[in-house]
Each structure stands twice: as C-alpha cells, then as structure tokens.
Amino acid sequence: MRFSKFAAGAAIGALCLLPAQAALAQGLTGKTVHIIVPYTAGGAGDVLARVLGQSISDSTGLQFVVEDKPGASSIVGSEHAARATPDGTTILLIENPFVLSAVLRPVHYDPVKTYDPICYLADTPAVIAVSNSSEYKTLADLLKAAKADPGKLSYGSTGPASTVHIVGELLKRDAGADLTYVPFPGSPPAVQAVMGGHVTALIANYSDLKAQIDAGGLRALAVPAAKRAESLPGVPTLDEQGFKSIEGAVWFGFVAPAGVPKEILAQFVSDFSAAIKVPEVKTKLAAQGLFPKVICGEEFRTFIGAQVDLYKTLTKEFDIKMQ
C-alpha cells in the first residue's frame, strides 16, 4: 500500500464544458464568493486561495473574498463552511488535516458527505531534510546511525497527527530505525530546531522548506514519492532508496456545502481547473512550492473517501492521536 496515492485520471469530465460566463449568469451574478481557509493567513493554502480567486475574478468578473478561520487543526473553518447556505457563495479550501481531523476527533461534518467536491488543484511533496552542517550526507547515513544507537537521533515535524508525522513513522517502521519523534506546532520552529542542532532531522512540506533549501541552510535527503519531485530533481525518492510503500504529499482542493446547484458547481469546476493552468498562476504557486494537479467532481469525492480509509488505518497502526 502506498501512502497518499490515488490512482485517478486527471480528466475533469463534462462539468468542465460549461463556459464560465454562461454559468455566471445562471447563479452568481452580482454576488461575492467567500473562500473559507481554515488556517492562518500567509500559509500555502491561503496563498493558493488568493492567487486562484484573483485569477478567476480577472477572467470572469466573479468576486472572491478569502476568510481565514484557523483553529483546531482546520475544524473551526470546516464546520463554519458546513453550516453555510449551499447557494455557491461559500466554498472551503481543504488539505489533508480536513480528513485527519475527521478521523481523529469528534467533528460536526463528514468529509465525504457534508460537502460537494469541486477540485483537487495542487499539492506539495514532503521532504526529509537535515541541516546543511549535519554530518549525515545521505538518508542511508542517517538511518545507519539511528540503527547503531537506537533512540539517540530524532526527527521533527508538525504534529502529532500530521501527514509528515505519518511519513516519519512509516520510515521508522520500514527502515527498522529508532528515531525519537519531536512534535512542533508548525514548520518554522521545527526548521529552527534542526538548524540549531536540537533535532537531527526534519520531515516537512516542501512549501515550508523551499526558502531554506534554496538558501543552503537545509540539505534535502529524500522525497517520499515514487518519482522525483520536479522542484528537487537531484534529491532521490524513498522509492529509489528501497522504501516502496511510502509516499507523502500535502494536497489542496476546494469543496462547497452539499446542495449547491449543479450549474454553480459546474462553474466552479470550470473556473478553478482553468485558473490553475494559467502560466502566471503556475509561476506564483511554484514560488510557494505548490504544483498543479487536477482531479474534479466525483473523482475528487472518491479520493477524499480513500484518504479517510487510509488515515484510519495508519493512525490506528501507529497509535496516533491529536493533542
């Protein structure tokens, strides 16, 4: 079983065929769409929502307002969107925590049934990294040392109960290496801990590490994926290094409260899937470590359901709980 992998085509289907301006006239003319981002301003999801919203506004005239509603690992914003009137004026940005929270906490939403899917639009790879001054030049060096002295070396990530935390536990299991897990409330303090020598290694989203990798402060050792990341062509995958069951990426998409008129959903699918392909948009997102990947409509719903099943299995196996 591969982690965070979904074998689905990127075909958007018939929903994408409806012209944006025609759909606009059928339900959202003169209205403003509120994009609920259940995270703090300035994060990758917030940037994605603003860049795409502006692009769609420029091309169709439809107005978007981004509302950041962080709290409780995305639960606050997700439940707010679930209560919204399903008329197309409220949509929700979702990431992996949207599913993980529903698996590990009592929430007032079902990630599959409470919302109508729009599109999975982008993702960012996870990266295993160390300080550039670290004695460990390769992942093999790190794992060899961890096996030689169990529990002495450590890895940090956001968490517990994050995608990158699960990647770390899968690596420990498959490598037979005992690395002490150190949770952090976000990537910035984890980066500082690694660069300060307080934690041996770090597993985080590329979007959170890009600046330090580019500046030479961090050395990327591996990407948990079946193929190399386009943004890190010189960094080997875990698959290349013998760990074929581990893949990890943070994905980003949009959903709407269940019951939104079909023509409005069709408009969103068409608008968002077109916006993510605009060269200027791709350039802005790449600067944030985000890369387009489009799965829309019911295919996206199926993907979300598969993520629920996957996280139920992995959090139970590793006894992962949210604090």
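# Cavities, a pocket and a buried asparagine

The second largest cavity has a volume of about 30 Å³. The structure in which it was found is a predicted model, and a search of the whole of it finds two cavities of 30 Å³ or more.

## The two cavities

Pro111, Val112, Tyr115, Pro117, Val255, Arg301 and Ile304 line the second largest cavity. Two elements, β4 (115-131) and α11 (297-317), each give two or more residues to this lining. By class, six of the lining residues of the second largest cavity are nonpolar, none is polar and one is charged.

The largest cavity has a volume of about 40 Å³. Its lining consists of Ile128, Leu142, Tyr155, Gly168, Leu171, Leu179, Ala201 and Ile203. Here the elements that give two or more residues are α6 (163-175) and β7 (201-205). Seven residues of the lining of the largest cavity are nonpolar and one is polar, while no charged residue takes part.

## The largest pocket

The model also has an open space to consider, the largest pocket, with a volume of about 910 Å³. Of the 40 residues that line the largest pocket, Tyr39, Glu95, Pro97, Thr158 and Pro185 are the closest to its centre. Several elements give two or more residues to the lining of this pocket: α2 (44-60), α4, α6, α7 (187-195), β7, α8 (206-215) and β9 (249-257). The lining of the largest pocket divides into 19 nonpolar, 17 polar and four charged residues.

| Space | Volume |
|---|---|
| Largest pocket | about 910 Å³ |
| Largest cavity | about 40 Å³ |
| Second largest cavity | about 30 Å³ |

## Asn96 and its contacts

Helix α4 (residues 96-104) contains Asn96, and α4 is one of the elements that give two or more residues to the lining of the largest pocket. Is Asn96 buried or exposed? With a relative accessible area of 0%, Asn96 counts as buried, because the cut-off for that class is under 20%.

The side chain of Asn96 has two partners to describe. One is the side chain of Thr163, with which the side chain of Asn96 makes a polar contact at 3.2 Å. The other is the backbone oxygen of Ala249, which the side chain of Asn96 reaches at 3.2 Å.

How values were computed:
Residues numbered from 1 in each chain as written. Predicted model: local features only at pLDDT ≥ 70, side-chain atom pairs only at ≥ 80, totals over all residues. Heavy atoms only, no water. 1 Å grid on protein atoms, 1.4 Å probe; cavity = no way out; pocket = protein on both sides within 12 Å on 5 of 7 lines; lining within 4 Å. Points joined across faces, edges and corners; volume = space filled by probe spheres on them. Helix = DSSP H or I, 4+ residues; strand = E, 2+ residues; numbered from the N terminus. Nonpolar A, V, L, I, M, F, W, Y, C, P; charged D, E, K, R; others polar. Buried < 20%, exposed > 50% of the residue type's maximum accessible area, 1.4 Å probe, protein only. Polar contact = N/O pair within 3.5 Å; in protein donor to acceptor, adjacent residues only side chain to side chain.
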